[in-house]
Amino acid sequence: VNSAVEITNTAEIIQSSQFDPNSTPNNQNADEDDQASVTLSPQLVDLALAKIIDEPRPNVGDTIEYTLTVSNAGPSTATGVEVTDRLPANVLFNSSSPSQGAYNPSTGLWTVGNVSLDVTPTLIIRGIVQSTAGETNTAEISASDQPDSDSTPGNGIAGEDDQGSVAFVTRSA
């Protein structure tokens, strides 16, 4: 399957060396028993990512929390969902709390897993601000087993709903 569009495939007996009393080969008549069709309806999801920061004006040495939330407007359950969120250079990883799956701070990969219509997985990442440089941090849904109806996971295009960004500016001393 290489498209999210519904596809119908039809097969028909087109030739026979014996007479068939109830159908005529190769006449494209769907009411006869020498023709059969099957319709494939690919799974489709509508994933979105939201990201917030608890303190947009931290001091150097403060612990900040990024909260990521993944939602799925369906109609199918999303499987194999992954989110990539690498911390900025001036934020030292402290801890993480995923509501499901696992977060690897070395790669920035949150392996979320399945996201149904009634589940909204969250990930909280805590980091310690290391310098006075302000930073923008962007996370993106980087993988899904199903096509997304309005965005492409992992393509890096800002403005799609599978991406979330937040910024902070450190306070002056």
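The entries below go from the sheets to single residues.

**Ground rules**

I'm working with a predicted model, where local features need pLDDT of at least 70, side-chain atom pairs count only at pLDDT 80 or more, and totals for chains, interfaces and linings use all residues. Residues are numbered from 1 along each chain as its sequence is written, and side-chain values use heavy atoms, with hydrogens and water left out.

**Entry 1: the four-stranded sheet**

I began with an open sheet of four strands, in the order E3-E4-E9-E6, paired antiparallel. I checked the terms: strands (E, at least two residues) are DSSP runs numbered from the N terminus, and two strands pair if DSSP finds at least two bridges between them. Which strands sit at the edges? They are E3 (47–53) and E6 (91–98), each pairing on one side only. From one strand to the next, the twist averages 20 degrees; the axes behind that are lines fitted to C-alpha atoms, and angles run from 0 to 180 degrees between N-to-C directions.

Next I zoomed in on E4 (residues 63–72) and E9 (residues 122–129), which run antiparallel and are joined by seven bridges. I picked out Glu65, and its bridge partner in E9 is Arg126.

I also found a charge over a ring: the charged end of Lys51 sits over the ring of Tyr66, 4.4 Å from the ring's centre. To count, NZ of Lys or CZ of Arg must be within 6 Å of the ring centre and within 35 degrees of the ring normal.

**Entry 2: the five-stranded sheet**

I then traced an open sheet of five strands, ordered E7-E8-E5-E10-E11, with antiparallel pairing. Its edge strands are E7 and E11 (163–168), each with pairing on one side only. The twist here averages 20 degrees from one strand to the next. Inside this sheet, E5 (residues 78–84) pairs with E10 (residues 135–143) in the antiparallel sense, over three bridges. Glu82 has Ala143 as its bridge partner in E10.

I looked up Trp110 too, and found it in strand E8 (residues 109–115). Is Trp110 buried or exposed? It is buried, because its relative accessible area is 0%; buried means under 20%, exposed over 50%, and partly exposed in between, with a 1.4 Å probe and protein chains only.

**Entry 3: Tyr103**

Tyr103 counts as buried because its relative accessibility is 11%. Leaving aside neighbours within four places in sequence, its contacts include Asp85, Leu87, Phe93, Trp110 and Ile125; contact means heavy atoms within 4.5 Å. I noted that Tyr103 and Ile125 are 22 residues apart in sequence and 8.8 Å apart in space, C-alpha to C-alpha.

What does the side chain of Tyr103 reach at 2.8 Å? It reaches the backbone oxygen of Asp85.

I searched the whole structure for aromatic pairs and got one. It is formed by Phe93 and Tyr103, is tilted, and has 6.1 Å centre to centre and 35 degrees between the planes. For the rule, rings of Phe, Tyr and Trp (its six-membered ring) pair if their centres lie within 6.5 Å; planes under 30 degrees apart count as stacked, over 60 as edge-to-face and the rest as tilted. The pair links distant parts of the chain, with Phe93 in E6 and Tyr103 in E7, 10 residues apart. Phe93 itself is partly exposed, because its relative accessible area is 29%.

**Entry 4: loops**

I moved on to the loop between E1 (7–12) and E2 (35–40), where Ser23 lies. Ser23 is buried, because its relative accessibility is 7%. Not counting residues up to four places away in sequence, Ser23 touches Glu32, Asp33 and Asp34. Its side chain makes a polar contact of 3.4 Å with that of Asp33. A polar contact is a pair of N or O atoms within 3.5 Å; within protein, one must be able to donate a hydrogen and the other to accept it, and residues adjacent in sequence count only if both atoms are side-chain atoms.

Gln28 is in the loop between E1 and E2 as well. I found Gln28 exposed, because its relative accessible area is 55%. Gln28 has a positive phi of about 55 degrees although it is not a glycine.

Last, I checked the loop between E4 and E5, where Pro75 is found. The peptide bond from Gly74 to Pro75 is cis, with omega near 15 degrees.
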